[in-house]
Amino acid sequence: KYHFFFISQREIHKINSNDPSSSYQKEKNTPRNSGELSSTLFALSCPVSLQEFLEKALLENPNGTASEDFIASSFSEELDRYRTMRDHSKELIANLRKHYITETGINSLKVQFNYVLGWHIDVPVSQVSRLSEAFIHRQTLASSARYTTLELQELQENLATASDRCAVLGQQIFSDLAEAILGQAKIIKEIAHAMAVVDVSQSFACLAHERQYVRPTFTQDPVLFIRKGRHPLVECRDTSAQKSGFVANSCYLDSSATFVLLTGPNMAGKSTYLRQNALISLMGHMGFFVPAESAHIGIIDRLFSRIGASDDLAQGHSTFMVEMTETAAILNQATQHSFVILDEVGRGTSTFDGLSLAWAIAERLHAIGVRTLFATHYHELTQLRSSLQKLKCETLKIQEWQDAIIFLHEIIEGISDRSYGLYVAKRAGFPQEVLTRAQEVLSSLQNEHKGKANAIKPVRLKQTTLLPTSIAEEKIRHANLDDFSPHAALEFLYALQKEVLLAKPH
């Protein structure tokens, strides 16, 4: 099992400074086989001064919309003052009005704003004599006089520039923070790397414990022995197909059998089998436990995959060209210590072209001796088992019952001569007439392949309307059947029958 310590940066500082108050000091001095965790986590030195500076300067959960609202209050008195002016201008004006009312004793005194005078003091003409010299006359109206003060003018200027000043001060503080952080860039990168190591290691340790992964063993020999391996993603899907549990399958490749030719029905699990073995190999090489009962893996220098259909039209490459380019890279670069998975190579061209390419590709990979899982619907390729000594044929177990097929998802030795594509099309929702026609064509092609002349007859269009004039069809389309009583429905049916009989040609 993995063991991890979740400690703060301050605790790390105590550990590395030999502070006896650290509860982890004893753990540090005890030899541990923790690999990269030890070399990263316990070798850190924490920039305490930078941490304290950032804690003082930054809000833990900023929720403002302005760019400077990430700065904590009380960090800058000047910024706090302009923030108050920006966010609480009405309260400042109201407090100033209360001050003037208290100073003059004029309860009707108002502090108002217009676009000509800006902020000004409005008092009744009858109360002007109560104003001191600090009030500067601006305008006289019929019933009131307007004044200003040096204090009000200063507040007006500050209110007008508060938002801009906040932005400028915020940018200055941000620059100071950035400069302080860049000064500690090296240790910050080391901390980030350490946290990444802990995060990834902890995640895989929890995953291995919860899903009963095992630690793989490695050898220099080009082998791949995976006992009851599972696909790490498919096995955790909450689908009806997985309610009864993922069906584990084994994979055995060595110098006597380097090539597996996998045939079988669509949807039976060929692609899952290919990918799970590639993922198990990859996870093992990354240093993680793997989803299997046991895994003995020969060191893999390169892992090659040719799966799926995609194009690169911007570069002028069709789907088939992309497939051939990727396959060419495999043929030119694979070695005896590589691992290759191929799924349906050669399906993007004509049948004979594709079969010929798949045949030659299989022979080439077999000659290299590279560990290969090759899934195909070209059943003719199974003839290679008589000429390629290191090739073995495997298929997926199924059970036919009435008109249905039950996929058991179990890899067994043997070959399959059917792909059950029509059954998959049926499950996908194909119209019945299309399925029927496809079965007719399939039968003709199979007979031709067996040497029996049986030309494919052209399809005959069927009459699908009740009447050429579609009178009955229109009545059915516009009838509100929900409003029919049983008797009314019967009468409606009789009427339709009468329409059909009258319209029937003699």
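## Ground rules

Because the model is predicted, local features need pLDDT of at least 70 and side-chain atom pairs count only at pLDDT 80 or more, while totals for chains, interfaces and linings use all residues. Residues are numbered from 1 along each chain as its sequence is written, and side-chain values use heavy atoms, with hydrogens and water left out.

## The cores

Start with the largest nonpolar core. It has 31 residues, and F339 and L373 touch the most other members. A nonpolar core is a set of buried Ala, Val, Leu, Ile, Met, Phe, Trp, Tyr and Cys residues joined through side-chain atoms within 4.5 Å. Buried means under 20% relative accessible area, exposed means over 50%, and partly exposed lies in between (1.4 Å probe, protein chains only).

Elements giving two or more residues to this core include β6 (224-229), β7 (249-253), α9 (270-286) and β14 (404-413). Helix α9 gives the most, with five residues. Helices (H or I, at least four residues) and strands (E, at least two) are DSSP runs, numbered from the N terminus.

Contact means heavy atoms within 4.5 Å. A second, separate core holds 26 residues, including I93, Y100, I106 and A162.

## The largest pocket

The largest pocket holds about 1500 Å³ of space. On a 1 Å grid over the protein atoms alone, a pocket is an open set of points where a 1.4 Å probe fits, with protein on both sides within 12 Å along at least five of seven lines; lining residues have an atom within 4 Å of a point. The volume is the space filled by probe spheres set on the points, which are joined across faces, edges and corners.

The lining has 32 residues, and D417, R418, S419, L442 and Q446 are the closest to the pocket centre. Helix α13 gives the most to this lining, with nine residues. The lining divides into 11 nonpolar, 12 polar and nine charged residues. Here Ala, Val, Leu, Ile, Met, Phe, Trp, Tyr, Cys and Pro count as nonpolar, Asp, Glu, Lys and Arg as charged, and the others, Gly among them, as polar.

## One side of α5

In helix α5 (residues 77-87), L79, Y82, R83 and M85 are buried. They cover an arc of only 160° around the axis, so they sit on the same side of α5. The arc is that of the directions from the helix axis to the C-beta atoms. Their cover includes α6 (89-104) and α7 (150-183).

## Two helix residues

L365 is in helix α11. It is buried, with a relative accessible area of 0%. Its contacts beyond four places in sequence include F259, I330 and V370. L365 and F259 are 106 residues apart along the chain, yet their C-alpha atoms are separated by 8.0 Å.

T272 is in helix α9. It is partly exposed, at 25% relative accessible area. Leaving out residues up to four places away in sequence, T272 touches H231, V234 and F246.

## Two positive phi angles

Most residues other than glycine have a negative phi. Q212 has a positive phi of about 60° although it is not a glycine. Q212 lies in the loop between α8 (185-210) and β5 (217-219), and is exposed at 63% relative accessible area.

E344 also has a positive phi of about 60° and is not a glycine. E344 lies in the loop between β11 and α11. At 17% relative accessibility, E344 counts as buried.
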